[in-house]
Amino acid sequence: MAKHDLDPNYNDPNYEPVVNHSGNTPFESVLASRLKRRSVMKGGMGAALAGVMGLSLAGCSDDDDDAVATPSTPTTPAPDGDTPSATELGFKPVAVSTANSVVVPEGYTAKAFVPWGTPLTGSLPEYRADGSNTGEEQEQQVGMHHDGMHFFPIDLKAGGNSSTEGLLVMNHEYINQTHIHPAGATGETNLDGVIISRPADEVRKEIAAHGVSVIHIKQGADGEWTVVHGSPYNRRVTGGTEMDIRGPVSGYSKLVTSFSPLANQTRGTLNNCAMGPTPWGTYLTAEENWHGYFANSGVLTREQARHGVGSTSRYDWELADNAADEYVRFNVTAIAATADQDYRNEANTYGYMVEIDPFAPESRPQKRTALGRFGHEGVIFAPVTEGEPVVCYSGDDSRYEYIYKFVSAQPYYAATAGGHLLNQGTLYVARFNEDGTGEWLPLDLSDAGFKAKVDAAVGTTVGAIAFDGFENQADVLVNTRLAADIAGATPMDRPEWGAIDPNSGEVYFTLTNNSKRTADDIDAANPVINNINGHIIRWAEAGSDYTATSFDWDIFVFAGEQGTETVVDGEAVVTLDDSNIFNSPDGLWFDYNGRLWIQTDGYSNEVFGNQMMLAANPVTREIKRFFVGPQGCEVTGVVTTPDSKTMFVNIQHPKANWPNAAEARPRDATVIVTRDDGGVIGA
């Protein structure tokens with residue numbers, strides 16, 4: 001049955017192909033200014049750079065003549081006075097671990113909660129440890145591969161902040177076919193071993209295991225959390241749920257399908273990675289690596305090619321043996337006379353942020369197209385101000401892709417705020433300059449500068465795409481990546497989660513890794529050749545105004561092994577040791593007291609152990625390891641209750657038999673972390 005290059009316990013790097021060939025940042029144009037940086041990573045990279053260019057880097061810092069330079073710290077000041085006590089890291093760091101268990105600091109307890117298959121809705125079908133649950137049953141159970149999540153206090157709409165009852169809303173990114181079925185994925189193959197059909201109920205189950213779970217939970221008098229079964233709020237949103245397309249792309253011809261000739265509806269949300277709670281109390285889930293779910297055996301459109309759609313799909317859902325419409329739609333080959341007779345445009349209805357109202361279980365999810373179409377990792381909202389626009393940020397999680405900002409056209413007023421604010425506005429993409437400044441480049445045909453770049457690009461090849469122009473603004477948004485190429489954005493090392501410091505207002509983003517980065521394409525914001533460990537970047541908007549079109553930036557920390565230093569003006573501000581080494585920063589979240597939580601999704605070995613979560617003080621840059629996950633997992637998704645006394649952390653694609661040693665199949669699960677003395681987490 002196997003034909004895909006997939007590790008069942010890890011999201012295959014080949015699943016995130018390099019599809020940006022625009023070459024927006026030539027190495028030669030940045031070298032001179034690079035030598036003036038005041039912040040550097042200490043290590044052997046700089047010596048390699050000098051060898052390539054035949055130059056000495058002796059002037060980069062006072063004590064490091066083989067460093068790669070990065071900019072100085074942002075101009076936005078830190079909070080007044082000494083490090084706020086609320087951000088102190090008052091726990092003993094845990095050691096790296098290779099055990100098949102969760103490790104937390106002394107004085108803390110961790111318990112698994114709502115694992116994949118937990119009964120949630122309908123008839124509450126019990127999870128079967130042999131994988132024999134049906135597709136219909138999976139539609140009523142918690143999905144697979146837990147990812148980003150948020151806790152909504154049950155009394156939020158009434159202005160409350162309950163820490164003992166609420167809605168835990170979480171994403172389910174993808175699946176493990178080996179574990180979800182009794183004998184793994186099955187199907188019929190031809191004489192060449194190529195799959196030609198798959199059992200329809202297996203496909204139904206796999207689609208149902210994707211998406212989002214809304215779980216009503218409550219803490220009892222004994223401190224234990226349970227699911228409130230029978231609650232009207234409990235809900236599954238899956239890869240088959242009907243939803244609306246909103247914003248500038250709604251009704252656009254490139255989204256016409258047999259299901260929606262008016263191009264204003266679609267079915268399902270897939271590969272939901274990170275998320276973002278909105279200021280008005282709803283949940284935005286991200287569609288990240290959606291491209292792998294579709295197959296085009298004919299000629300790829302530019303929309304498909306720029307995102308990595310191929311001739312075969314990841315799970316072969318289009319080959320379901322009942323040939324039902326809800327499965328055939330994953331075949332995006334043009335096979336009929338017109339678009340309203342086939343699904344050639346189905347992939348164009350994916351790649352958005354999808355809004356779900358957890359407090360309105362009968363409401364239809366809304367795909368918010370004004371935020372752009374790409375591999376959204378998640379979204380992070382800036383603090384809102386009455387009468388001012390809504391601002392949010394999103395990363396495109398692939399190598400050499402970009403960071404985006406959306407500024408709403410309409411102002412925010414708490415009394416009337418809602419998802420309509422995300423339907424109109426300006427989408428920007430970031431350019432990180434070599435001097436530590438940055439610019440937000442508008443992707444808007446009404447902007448003269450962008451329109452001039454588009455006109456100049458017509459008739460040329462942008463990356464690997466022969467560019468013949470954009471029909472309208474909807475076309476720009478459907479082709480957000482291509483528009484960003486033309487605008488001249490900075491290709492980044494896999495921008496993933498973002499977070500905003502509640503004290504300083506600075507914006508942080510993880511740059512997880514990029515093993516494809518070479519000496520010919522490094523730049524100040526992405527300065528590491530073969531960047532297998534990643535780093536975290538941050539910036540301050542000009543004038544502390546989130547709508548500004550310029551910013552100042554620096555690198556907060558470089559990940560790596562023991563001895564890796566982040567150096568500012570010749571002084572090591574971070575030196576990684578056994579208490580805080582990490583690689584591949586991914587998840588990122590500021591808690592309500594201003595601590596920065598860093599989660600990892602990278603490689604595990606005897607040095608780093610299993611994947612982990614660390615806490616950081618953003619002012620002092622002190623970092624301590626707080627949590628280590630079980631074998632084979634990614635640690636992803638973190639939130640606390642408003643009182644910061646209960647923390648929820650997600651474990652995705654664990655290996656072996658975690659969390660239940662008595663079961664052969666591993667199960668993704670949420671981990672509840674509490675302090676034994678009932679105190680604030682991390683304090």
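These notebook entries record what I looked up in a predicted model.

**Ground rules**

I took the model as predicted, with local features needing pLDDT of at least 70, side-chain atom pairs counting only at pLDDT 80 or more, and totals for chains, interfaces and linings using all residues. Residues are numbered from 1 along each chain as its sequence is written, and side-chain values use heavy atoms, with hydrogens and water left out.

I took helices (H or I, at least four residues) and strands (E, at least two) as DSSP runs, numbered from the N terminus.

**Entry 1: the sheet of six strands**

I began with an open sheet of six strands, in the order β12-β11-β16-β15-β14-β13 and with mixed pairing. Two strands pair if DSSP finds at least two bridges between them. As background, I noted that strands of a sheet pair through backbone hydrogen bonds, either parallel or antiparallel.

Which strands stand at the edges? They are β12 (265-267) and β13 (272-277), each of which pairs on one side only. On average, neighbouring strands here are turned by 35 degrees against each other, direction ignored. For such angles, axes are lines fitted to C-alpha atoms (for helices over the stretch in contact), and the angles run from 0 to 180 degrees between N-to-C directions.

I then looked at one pair of strands. β11 (residues 242-246) and β12 run antiparallel and are joined by three bridges. Within this pair, M243 stands opposite T266 of β12.

Is T257 buried or exposed? It is buried, with a relative accessible area of 1%. Buried means under 20% relative accessible area, exposed over 50%, and partly exposed in between (1.4 Å probe, protein chains only).

I also looked up its partners. Contact means heavy atoms within 4.5 Å. Neighbours within four places in sequence aside, T257 is in contact with A339, D340, D342, Y343, N345 and E346. T257 and A339 are 82 residues apart in sequence, but their C-alpha atoms are 5.7 Å apart in space.

**Entry 2: helices α8 and α10**

Next I examined helix α8 (residues 448-457) and helix α10 (residues 480-487), whose axes come within 9 Å and cross at roughly 95 degrees. The two helices are therefore roughly perpendicular to each other. By the cut-offs, angles under 35 degrees count as roughly parallel, over 145 as roughly antiparallel, 65 to 115 as roughly perpendicular and the rest as oblique.

Which residues meet? F450, K453, V454 and A457 in α8 meet A483, I486 and A487 in α10. The residues of this contact divide into six nonpolar, no polar and one charged. Here Ala, Val, Leu, Ile, Met, Phe, Trp, Tyr, Cys and Pro count as nonpolar, Asp, Glu, Lys and Arg as charged, and the others, Gly among them, as polar.

In α8 I found F450, V454 and A457 as the buried residues. Seen down the axis of α8, they fall within an arc of 65 degrees, so they line one face of the helix. The arc is that of the directions from the helix axis to the C-beta atoms. An α-helix has 3.6 residues a turn, so residues three or four places apart point the same way. The face of α8 turned away from the buried side carries the exposed residues A448 and A456. The cover over the buried residues of α8 includes β22 (437-442), β23 (461-462), α9 (473-478) and α10.

For α10, eight of the eight residues are buried, so this helix is largely enclosed by the rest of the structure. After α10 comes G488, with a positive phi near 95 degrees.

**Entry 3: the sheet of four strands**

I found another open sheet, of four strands in the order β32-β33-β34-β35, with antiparallel pairing. β32 (585-590) and β35 stand at its edges with a single partner strand each, so one side of each lacks a neighbour in the sheet. Four bridges join β32 to β33 (residues 596-600), and P585 stands opposite T600 in β33.

**Entry 4: backbone exceptions**

Most residues other than glycine have a negative phi, and most peptide bonds are trans. I noted R621, not a glycine, with a positive phi of about 65 degrees; R621 lies in the loop between β34 (612-616) and β35 (623-628). R621 is buried, at 6% relative accessible area.

N530 also has a positive phi, near 50 degrees, but counts as partly exposed at 40% relative accessibility.

Finally, the peptide bond from W658 to P659 is cis, with omega near 5 degrees. P659 lies in the loop between β37 (646-652) and β38 (669-675).
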